[in-house]
Structure formats: structure tokens, C-alpha cells
Amino acid sequence: MTYQFDFSALWAFWPEFLQGAWLTLQLSAVSTVLGFVLGTLCAIGRSDGPPWVKFLVASYVEVIRNTPLLVQVFIVYFGIATLGIKVSANAAAVIALVVNVGAYTCEIVRAGLESVHKSQLEAADCLGLSKPQIYWHVIIRPAIERVYPALTSQYVLLMLASSITSQISAEELTAVANRIQSDTFRSFETYIVVGIIYLALSFVVRIALWLFGLVVFVRKRKLGTAL
Amino acid sequence: MSAVVKLSNVHKSFGTNKVLDGVSFEVGRGEVAAVIGQSGSGKSTALRCINALETIDGGTIDVCGHAVHDAKLDRRSLRRDVGIVFQSYNLFPHLTAEQNIMLAPSCVKKVSKSEARDLAHDVLRRVGLAEKAGHFPEQLSGGQQQRVAIARSLAMQPKLMLFDEVTSALDPQLTGEVLKVMEDLARGGMTMILVTHEMAFARKVASQVVYMHKGKVWETGPGSMLDSPKTAELADFVGSGL
């Protein structure tokens, strides 16, 4: 073991690392928000929709959860190009990530929806609330509160998994690293730096989601107990 | 006295299990009807049918001018006239007492937020819990939760209130505070139907007692009928409680 670490060659690239990290955060943020919406709608469809919707959602979820993300990214990227629609690599990356995380979100949120006791729906129904109102006020909020820790993990995972989109040359952190290591030949050092940046990003994402949870889940904030 | 609730020859089965076997009774405006009977006698099912929580197989149910047995029933308009309180309170755990109460007036009646809040404080005062407005259900005792649940129903200004064994999960002291609220309501002229095991309360407050047995109305009369039952079954039922 006579390897000589040399990080000095990487200093010059810090703006690029930063830019890559920033794009990673942006990709993840957009995918998280859209994936959450898609997943929640799918969860409602799968637990309460007509049979054909249930079938459609179940097929989507199973296909996505049983194929590699990298393959999904390629299918979206080349598929869109084949259809003759021009989208940037970043946009294709977001679409693939949304489709992917939407499926996982669906299953997590569905578990939350099923945790809401039938008597809650009955009570809301007896108060005269409409079905959308019941969903919005009585089911979704406690459901999300219950599965929020699982969702947080999933979205941190999404941020980390976004590194795969470097394969379609979305200019996020890992793609930046790939370029820098081939410019500097300091591969080991480059990926150590990138690893540390991902660690920091995970921390940022966790903190952000935790703060969001504090704002949204008032009961949890005030009492600190699980619902 | 015009009937607010009228059940005529109501039949209801769950699978092969006949739960209601030709049930008929009526409740007039301002009356308090106590439905009593053993577990499995069909009393809770009868109550749930009145609020269209169960669909019936035969007979007719008229509630505040709504034909509940009709397949074309507008359930939401029925629910505006009928409030129900459950044994397990069923408060929304993520909302404060006040928010629990405000939800229906703002969603269903489109009352403004400040108006809904005033309404919530008003009904909370009526159940003696004005100071608990900002508390979450888990911070309240069972009796307090049940009173909030009653307040939540009251906020919709129902013409009829249904109580489904609302004190069955409470100890005697908490039961007392909930019954007191119900007694106040009855005295205020609210039409009420309660399924209950509180014989003393039924005797004292009810203008009509309906004793159900094996899915039928076995005996019915004023509260005093509990002291001089006509049928052996009611005598047995009342006697076993003493």
C-alpha cells in the first residue's frame, strides 16, 4: 500500500462539484414533489378505485419495483427520443425518477391509507362530508403522518439513486465526478469527495423533510407522539 | 305530535343471520327513545339503519322527511338532519377538539372560519369543555372525548341525535359526565334515540323505552315499564342487571 492521496488536483473543480450537487438537489426536489403526488394518487386509486384502475396501478407498481432503475432511465430516455419528442437529459432524468419513486410512494402511502380506521370514515360520512373532503381532511393527513418516516427514507434514497441519471448525461453530481476523474486521473480522491458530498446532501434532505414534517404535522410537533 | 323517525316492519340480515325481524317504532319531536336489549338483539343495527349506515332488506324508514329505505336517498342531506355519536368517539386524532368541530360546518355548510370557530366554542361550552378547545383527542379523557364528539354533532344543528352505546367504554364517573350532557340536551328539546345499557338513565330520561329481543321490538312503553315488565324476557333482562 503505497498509494499517495492527492486531493490538491481537485480544488480547482469545486465550482463544478457545487454545481453538480445543486443539480442533484434540484432533480431530487422536483422528483420528490411530483413523485409524491403521483404516488398518492396511485395509492388512492389502488385502494379505492374501480377494478380497472386497481389493475392498472398494480401493474405499474409491480413493473417498476421489479426492474432496475438504470433500465427504467434508459427506457424513458431513449423511448422519448424514439417518439420524436425532444427533451433534455435533465428532463428525461426527472421523468424517470418520478415514475420510479411514484411506484414506491404508492405502496408506502397505501399502507398509511389502510391504517386509517373505517370508523373514522364513518364518522366523517355521518357529518355529511363528501368523499373528496373525507379523503383530504380525514384520511390523507393522518395517513401521511404515519408513514412519513418511511417516505423520508424513500426520498433520501431517491436523491442517492439520482446518481444513476449520470448515465444519460444529466449533469448531476456523479456525472460531474465522472468528468473530473477522467480529467485529473485522481479517481479514488474524486469519488471520496463525491461520497462526502452525497453524505452532506443526505443530511440536508433529511433536515429539510424533518422541518417540513414539523410544519405540517402540528399534532406531532406539539405532543411528540406517534399517531 | 309528528313523528321525526318512523320505522315500519324493517327487516335486515347479514348473510343468513337475521338481525332485524320486522322492527317498527316511532319517535316524535322532542322525544327521547331508549333502545335497550342484550348484545346481538339488533338494537345498534336498528340505529345504524336510521342513519343509512346500513341498507335495509325490507320495510320503510322515514327520518325527518327523508325516505331512508329509498335507493335514491340523498344521504348527504339526511346527514345534515341527523347527528350520530359512537361508542368509540371517532374523533379525528390529528385535529384539535375545536378543529374536529369546525370541520363539518366549514366543509358542508361552508361557514366562514371565524364563524365556525365561534360555533365550536359555543358547543364546547354546552358540553362543559370550553377550556379544552385547543387540546388534541389523546390529551382528553374518554369522557371528555365523548363530549367533544357530542359537541361535534351538535355543531351541525341536527334535528335528531342518535347515540350508539356512547358510555359503554367509560368508567362510572366519566359515564356520569356524558349522561349529564345528554340529559341537558333532552331537556333542551332535542329529539334523541339512544342505544344504551344505562337502565337508570333510560328510566329517568327516556319518554319511550324500546326493548329489543331477537331482532324484534319485544316490548315498548314509558320508562316506568322497566319496573313492571310484561314479558318474561324483559323481566329477565332487567332482573339480571340488578
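This is a predicted model: local features need pLDDT of at least 70, side-chain atom pairs count only at pLDDT 80 or more; totals for chains, interfaces and linings use all residues.
In chain A, helix H2 spans residues 14-48 and helix H7 spans residues 131-161. The two helices pack at an angle of about 140°, and their axes are 11 Å apart. H2(A) and H7(A) are therefore oblique to each other, and their crossing is right-handed. On the H2(A) side the contact is made by Thr24(A), Ser28(A), Ser31(A), Thr32(A) and Ile44(A). On the H7(A) side it is made by Tyr135(A), Tyr155(A), Leu158(A) and Met159(A). By class, the residues of this contact between H2(A) and H7(A) comprise 5 nonpolar and 4 polar, with no charged residue.

The loop between H7 and helix H8 (173-184) of chain A contains Ser162(A). Ser162(A) has 30 other C-beta atoms within 10 Å; a residue counts as buried at 20 or more, so Ser162(A) is buried. When neighbours within four places in sequence are left aside, the residues in contact with Ser162(A) are Thr24(A), Leu27(A), Ser28(A), Leu97(A) and Glu172(A). Among them, Thr24(A) and Ser28(A) also take part in the contact of H2(A) with H7(A). Glu62(A) lies 100 residues from Ser162(A) in sequence, and the C-alpha atoms of these two residues are 20 Å apart in space.

Between the chains, 18 residues of chain A are in contact with 19 residues of chain B. On the side of chain A that touches chain B, at least two residues each come from helix H6 (118-126), H7 and helix H10 (218-223). The most are given by H7(A), with 6 residues. Divided by class, this side of chain A has 8 nonpolar, 6 polar and 4 charged residues.

Helix H6 of chain A has buried residues at Ala123(A), Ala124(A), Asp125(A) and Cys126(A). The packing partners of the buried residues of H6(A) are found in both chains: H7 of chain A, and helix H2 (75-81) and strand E6 (82-85) of chain B. Just after H6(A), a positive phi of about 95° is found at Gly128(A).

Chain B contains an open sheet of 4 strands with antiparallel pairing, in the order E2-E1-E4-E5. Strand E2 (17-28) and strand E5 (66-67) of chain B are the edge strands, each pairing on one side only. Strand E1 (residues 3-14) and strand E4 (residues 58-63) of chain B run antiparallel and are joined by 5 bridges. Opposite Asp62(B) in E4(B) stands Lys6(B). In general, strands of a sheet pair through backbone hydrogen bonds, either parallel or antiparallel.

A helix pair is also found in chain B, where helix H3 (residues 97-108) packs with helix H5 (residues 142-154). The angle is about 25° and the axes are 8 Å apart. Angles under 35 degrees count as roughly parallel, so H3(B) is roughly parallel to H5(B). The crossing of these two helices, H3(B) and H5(B), is right-handed. From H3(B), Ala97(B), Asn100(B) and Ile101(B) meet Val148(B), Ala151(B) and Arg152(B) of H5(B). The residues of this contact between H3(B) and H5(B) are 4 nonpolar, 1 polar and 1 charged.

Conventions
Residues are numbered from 1 along each chain as its sequence is written. Chains are lettered from A and ligands numbered from 1 in the order in which they are written. Axes are lines fitted to C-alpha atoms, for helices over the stretch in contact, and angles run from 0 to 180 degrees between N-to-C directions. Angles under 35 degrees count as roughly parallel, over 145 as roughly antiparallel, 65 to 115 as roughly perpendicular and the rest as oblique. A crossing is left-handed if the near helix is turned anticlockwise from the far one by less than a right angle, and right-handed if clockwise. Two residues are in contact if their C-beta atoms, placed from the backbone, lie within 7 Å. Ala, Val, Leu, Ile, Met, Phe, Trp, Tyr, Cys and Pro count as nonpolar, Asp, Glu, Lys and Arg as charged, and the others, Gly among them, as polar. Two strands pair if DSSP finds at least two bridges between them. A residue is buried if 20 or more other C-beta atoms lie within 10 Å of its own, exposed if 12 or fewer, and partly exposed in between; C-beta atoms are placed from the backbone.
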